[in-house]
Amino acid sequence: MPEELDAGLILIGTGTGTGTGIAPFRALVKHIYREVEGRTGRILLFYGAKSGLELLYMNDEKNDFSQYYDQKTFEAFQALSPRPHWGDPIAWEDVITQRGQEVWSMLGDPKTRVYVAGLEKMRPELDTVFAGLAGSEEKWQRRKAELMAGGRWVELLY
């Protein structure tokens, strides 16, 4: 957790509905909104599932996040498979590129941190999405290396 109260967080939970990728972020968001006073940094949470039936937490004030939901600083976005079949890919590109300008701008802020948790097999797909935001694979790999070297891109993948 960055010490700066205005630091942005981009959280990407790559689970498949089992809560594996989203669970640490649920705890982090809960901690932030219950325990950290004066936090103003933007939080974007991207969470993937094969279908809407597998979503454990959603961007709605009447769900689990309602206990600490803050429209000014926190938003959650659902990445779903185009069809609700187990083998279909989760539509990361659609949900992240819809917020692409904001995400890329946040990545340019030296205070922003990115945390990715969940399934390792999602790493190449996420790299493809971020390469699209960067404009090329080379630009993305350079930016990602900078983020990782600065401790601003952290992955907990298995």
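**Aromatic pairs and a buried arginine**

Author: Five aromatic pairs turn up in a search of the whole structure. This is a predicted model, where local features need pLDDT of at least 70, side-chain atom pairs count only at pLDDT 80 or more, and totals for chains, interfaces and linings use all residues. Residues are numbered from 1 along each chain as its sequence is written, and side-chain values use heavy atoms, leaving out hydrogens and water.

Reader: Why is the pair of Tyr-33 and Phe-74 called edge-to-face?

Author: Rings of Phe, Tyr and Trp (its six-membered ring) pair if their centres lie within 6.5 Å; planes under 30 degrees apart are stacked, over 60 edge-to-face, the rest tilted. Here the centres are 6.1 Å apart and the planes at 70°, so the pair is edge-to-face.

Reader: What makes Tyr-33 partly exposed or Phe-74 buried?

Author: Buried means under 20% relative accessible area, exposed over 50%, and partly exposed in between (1.4 Å probe, protein chains only). Tyr-33 has 23%, so it is partly exposed; Phe-74 has 0%, so it is buried.

Reader: Why is the pair of Phe-130 and Trp-153 edge-to-face?

Author: Their ring centres are 5.5 Å apart and the planes stand at 85°, so that label applies. Both Phe-130 and Trp-153 are buried. Ring pairs also join Trp-104, Phe-130, Trp-140 and Trp-153 into a cluster.

Reader: Which atom does the side chain of Arg-113 reach?

Author: The side chain of Arg-113 reaches the backbone oxygen of Lys-111 at 2.7 Å, and a polar contact is a pair of N or O atoms within 3.5 Å; within protein, one must be able to donate a hydrogen and the other to accept it, and residues adjacent in sequence count only if both atoms are side-chain atoms.
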